[in-house]
Amino acid sequence: MTKNIFGIIGGDERQIYLARSMQADGHEVLVCCLENARGTSGLCQTGLHSLVERCGIIILPLPATRDGCHLNTPLSNLEVWLDDDFARLLLNSRVFGGMLQKLTATSSLWRGIDARDYYSREELVTGNAYLTAEGAIGLAVQEYEGGLGGSSCLVTGYGRIGKALCGMLRGMGARVSCSARRASDLTAIRATGCRALGYDELLQPFDIIFNTVPARVLDAAILESQREDALIIELASAPGGIDLETAGSLGLRVLAAPSLPGRMSPKASGELIKETVYNMLNEDRREMI
C-alpha cells in the first residue's frame, strides 16, 4: 500500500475530519488555512508555500471558492487570492476540489494543472444528498412546534435530496407529498407510498415544506394558501425556489439551510470526501491506496 503526503488547504470542519481520517489511514497530512478551527491538535499546520512544496496531492474545499476571487477559507485569517500566482503554485500538483468551475476560471494556468472535481462524482453527490436530508429533518424537528409523525409535509422536487427526504420522512410517520414535473417522477413518487402532486396542485396547506428546487416554485398563490404556523425550509442553491418577499409579508417562517452536511454532519461529510478522493486515485492506476 503506497502512502501519500496529502495537503489540505482551507475549508470548514469537514476538512478537519478529512485530515484526521487520512492520518488514521497512515498517510502524512499537512493542513493550511485552518488555524481558527477546533480539534486540530495532532495535525501538522504549515504555511501555504511549504505545504505545496511537500505535498504532491492537494485537496481544496467544497466549494473551492464562493465568490470566484478567494479560496474558501472560513476558518482562517488568511485571504488566499485566486490568481495566476496561486495557480502557478499548483502547476506540479495533483489537485482535488469541489465545484471547481469558478476556481479554474481565475487563471489560464489551470489548463495545465491536473485538477479534479470530486463533487462531480456520484458517490459524493448522493452521499451528500442523504446528509442534507438528515440535516433538514433535524432542523424541522428542532424548529417545528408539532411532531413530524402525522404532520403534513411537502417536498418540492424529486432529485437526489427530494428522494432522500421522501423516504426518511415517510419512515418517521409523516404524511408526505412530493411535487415534480416529469410524469416518470410522479409515478416513482406514488410507488414509494407518497402523494404525487403537480406544481399546479399545491394550493393547499402543509405543516412543513422542504424546497429542493433552485427555481421559483413556491409563488405568492401557494404561499398564501399556507397557515401562519407553517415551516418552510429552503435547501436549494441560489436563487432558491421561494418568493421570499411574499413569505415575509405573510409572516411565514422560512429557514435558509445551505451547506447542511458541512454544518451538521462534518465528520460524515469529511469521510465522504476522503473515500471519493481515494476512489479517484485508485482509478488513475498511478496511485494505489
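Trainee: What do β7, helix α6 and β8 make together?
Mentor: A right-handed β-α-β unit, with α6 covering residues 160–171. Keep in mind that this is a predicted model.

Trainee: And how many bridges join β7 to β8?
Mentor: Five, and the two strands run parallel. In that pairing, C153 sits opposite V176 of β8.

Trainee: Why is β8 described as largely enclosed by the rest of the structure?
Mentor: Because four of its five residues, in the stretch 175–179, are buried.

Trainee: Switching topic: what about H27, is that buried or exposed?
Mentor: H27 is buried, with a relative accessible area of 4%. You'll find H27 in the loop between α1 and β2.

Trainee: Which side chain does the H27 side chain make a polar contact with?
Mentor: That of Y278, at 3.5 Å. Y278 is one of the buried residues of α11, and others among them are G270, I273 and L281.

Trainee: How many residues does α11 have?
Mentor: Helix α11 has 19, running over residues 266–284. From first C-alpha to last it reaches 27 Å, close to the 27 Å expected at 1.5 Å a residue.

How values were computed. Residues are numbered from 1 along each chain as its sequence is written. This is a predicted model: local features need pLDDT of at least 70, side-chain atom pairs count only at pLDDT 80 or more; totals for chains, interfaces and linings use all residues. Side-chain values use heavy atoms; hydrogens and water are left out. Buried means under 20% relative accessible area, exposed over 50%, partly exposed in between (1.4 Å probe, protein chains only). Two strands pair if DSSP finds at least two bridges between them. A crossover is right-handed if, with the strands pointing away from the viewer, the path from the first strand over the helix to the second runs clockwise. The expected span of a helix is 1.5 Å times one less than its number of residues. A polar contact is a pair of N or O atoms within 3.5 Å; within protein, one must be able to donate a hydrogen and the other to accept it, and residues adjacent in sequence count only if both atoms are side-chain atoms.
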